[in-house]
Amino acid sequence: QLYPTEETKQVLRLSLTEFSLPKFYLLFGISKVKSAAVIAFRSSYRDRSFSPGSYERETFALTSLETVTEALLEIMEACMRDIPTCKWLDQWTELAQKFAFQYNPSLQPRALVVFGCISKRVSHGQIKQIIRILSKGLESCLKGPDNYNSQVLIEATVIALTKLQPLLNK
């Protein structure tokens, strides 16, 4: 059985403290609550007054997702140092890539951002696919500038390309 090193425990303590700060509530889209734990652990069968619409939902910005992903990546990498055979990051990257390249207006932009943030290597083929997605988003915006999903998709591809560009060969 493997135990975390003191360095890993320190990273986990600091991360938990940071996630407990009100500034992180905004990143998770719950800044208008007094306690994140109250929202997270409410059960619909115990508290019938709670429903997804009973508090005002906030939008979850892609830049917030980028920050949260990078924080989770830091935690994962700290834990992986203590587990030599750990494949968590490979599995996460594989799932993010799967959803990034699969059309889904709700998941695809988020998956693109996550894929960009957590990837340690990228192929020219993957970059081509992201550029195709960007192109489709731009085409859709030209047809109707009020298309919110296309704007989010464009923002996601720009974030992903910005993160992935340094990984490319010169």
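Which helices do the buried residues of H4 pack against? In this predicted model, the partners are H1, helix H2 (22-27), helix H5 (88-100), helix H6 (108-118) and helix H8 (148-164). The buried set itself consists of Leu62, Ser64, Leu65, Glu66, Val68, Thr69, Ala71, Leu73, Ile75, Met76, Ala78 and Cys79. As for the helix that carries them, H4 runs to 20 residues and spans 28 Å from its first C-alpha to its last, close to the 28 Å expected at 1.5 Å a residue.

Now for the pairing with H1. Two packed helices are described by the angle between their axes and the distance between the axes. For helix H1 (residues 6-19) and helix H4 (residues 62-81), the axes come within 9 Å and cross at roughly 160°. That crossing angle is why H1 counts as roughly antiparallel to H4. The crossing of H1 past H4 is left-handed. On the H1 side, the contact involves Glu7, Thr8, Val11, Leu12, Ser15 and Phe19, while H4 brings in Ala71, Leu72, Glu74, Ile75, Ala78, Cys79 and Arg81.

H6 passes H7 in a left-handed crossing. Here Gln108, Leu112 and Phe115 of H6 meet Gln126, Ile130 and Ile133 of H7. The contact of H6 with H7 has 4 nonpolar residues, 2 polar ones and no charged ones.

Methods:
Residues numbered from 1 in each chain as written. Predicted model: local features only at pLDDT ≥ 70, side-chain atom pairs only at ≥ 80, totals over all residues. Heavy atoms only, no water. Axes fitted to C-alpha atoms, helices over the stretch in contact; angles between N-to-C directions. Helix = DSSP H or I, 4+ residues; strand = E, 2+ residues; numbered from the N terminus. Parallel < 35°, antiparallel > 145°, perpendicular 65-115°, else oblique. Left-handed = near helix turned anticlockwise from the far one by under 90°. Contact = heavy atoms within 4.5 Å. Expected span 1.5 Å × (residues − 1). Buried < 20%, exposed > 50% of the residue type's maximum accessible area, 1.4 Å probe, protein only. Nonpolar A, V, L, I, M, F, W, Y, C, P; charged D, E, K, R; others polar.
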